[in-house]
Amino acid sequence: SESDSLTNSFGQGVSVTPLQMLTAVNAIANDGLMMQPRIIHQIIDGDNITTATTSVLGSPISAETANIVTNLMVATVRDGFDGGAQLPGYTVAGKTGTAEIPDVLGYRSDAWIMSFVGFLPADDPQFSILIKLDEPTSDNWASQVAAPVFRRLAERLVILLEIPPDNVR
């Protein structure tokens, strides 16, 4: 309907799984290439190491468009309400989501689904994270609830994966 076209423009009425959302954001991080998601990177069995292969599903957006969206996502974290995801020393690309929860009469006014999806370093992504919280009670905005969870996980991952900060790379 016409109202669906209007509400879809800001994400209302659009339903995707967390894996679908992460796959879409990864296409942005990968210069427009959408990769087949995988759960396992390697299987190590004694001296036998099997590394999972990667495969491209397609190119839903151009590299130019992916770079423009990446820059917008960086600005959102750096200058916008999503600053709770900032990680000192690293350029983070990300975006929050605060979704109303539908019920039989429309949408609930007492609970939300909150998310933050992002990747870093923005200029050479090494990992992406999607945080999704169903009906959190500590605040009403994903920037206050989900973005800081992203930051705490990213802080640990840059150490575990030995990713140097922007000024060293």
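Predicted model: local features only at pLDDT ≥ 70, side-chain atom pairs only at ≥ 80, totals over all residues.
## A walk through the sheet, helices and cores

Strands β5 and β6 pair in the antiparallel sense over 10 bridges.

Two residues make up the link of the hairpin that joins β5 to β6. To find your way along this pair, look for Lys 95, whose bridge partner in β6 is Val 117. Another pair to look for is Glu 100, which stands opposite Trp 112 in β6.

On to the next neighbour: β6 also pairs with strand β7 (residues 127-134), again in the antiparallel sense, over eight bridges. Here Ser 115 stands opposite Lys 132 in β7. β6 and β7 form a hairpin as well, with six residues between them.

Put together, three strands form an open sheet in the order β5-β6-β7, with antiparallel pairing. Which strands lie at the edges? They are β5 and β7, each of which pairs on one side only. From one strand to the next, the twist averages 15 degrees. Helix α2 packs on this sheet, where it touches β6 and β7, and its direction makes about 150 degrees with that of β7.

Helix α3 covers residues 63-79, which is 17 residues. From its first C-alpha to its last it reaches 24 Å, close to the 24 Å expected at 1.5 Å a residue. Its buried residues are Ala 66, Thr 70, Met 73, Val 74 and Val 77.

On the face of α3 turned away from the buried side you will find the exposed residues Glu 64, Asn 71, Leu 72 and Asp 79.

**The nonpolar cores**

The largest nonpolar core has 20 residues, and those touching the most other members are Leu 87, Phe 116, Leu 120, Phe 127, Phe 150, Ala 154 and Val 158. β6, β7 and α4 each supply at least two residues of this core. The biggest contribution comes from α4, which gives seven residues.

Leaving aside residues up to four places away in sequence, Phe 127 touches Gly 118, Phe 119, Leu 120, Ala 154, Leu 157, Val 158, Leu 161 and Ile 163. There is also a second, separate core of 10 residues, which includes Val 25, Ile 28, Val 74 and Ala 122. Val 74 is also one of the buried residues of α3.

Is Ser 143 buried or exposed? Ser 143 lies in helix α4 (residues 142-160) and is buried, because its relative accessible area of 11% is under the 20% cut-off. Not counting residues up to four places away in sequence, Ser 143 touches Phe 81, Asp 82, Thr 96 and Pro 148.

Ser 109, found in strand β6, counts as exposed because its 67% relative accessibility is over the 50% cut-off. The C-alpha atoms of Ser 109 and Leu 160 are separated by 40 Å, and these two residues are 51 apart along the chain.

| Residue | Relative accessible area | State |
|---|---|---|
| Ser 143 | 11% | buried |
| Ser 109 | 67% | exposed |
| Asp 31 | 43% | partly exposed |
| Glu 135 | 40% | partly exposed |

**Details of the backbone**

Some loop residues deserve a look too. Asp 31 is not a glycine, although its phi is positive at about 55 degrees. You can find Asp 31 in the loop between α2 and β1 (34-35). Glu 135 also has a positive phi, near 55 degrees, and is likewise a residue other than glycine. Its place is in the loop between β7 and α4.

Finally, where is the cis peptide bond that involves Pro 121? This bond joins Leu 120 and Pro 121, with omega about -15 degrees. Pro 121 sits in the loop between β6 and β7, while Leu 120 is among the residues that touch the most other members of the largest nonpolar core.

Note on methods: Residues numbered from 1 in each chain as written. Heavy atoms only, no water. Helix = DSSP H or I, 4+ residues; strand = E, 2+ residues; numbered from the N terminus. Expected span 1.5 Å × (residues − 1). Buried < 20%, exposed > 50% of the residue type's maximum accessible area, 1.4 Å probe, protein only. Pairing = 2+ DSSP bridges. Contact = heavy atoms within 4.5 Å. Core = buried A, V, L, I, M, F, W, Y, C linked by side-chain atoms within 4.5 Å. Axes fitted to C-alpha atoms, helices over the stretch in contact; angles between N-to-C directions.
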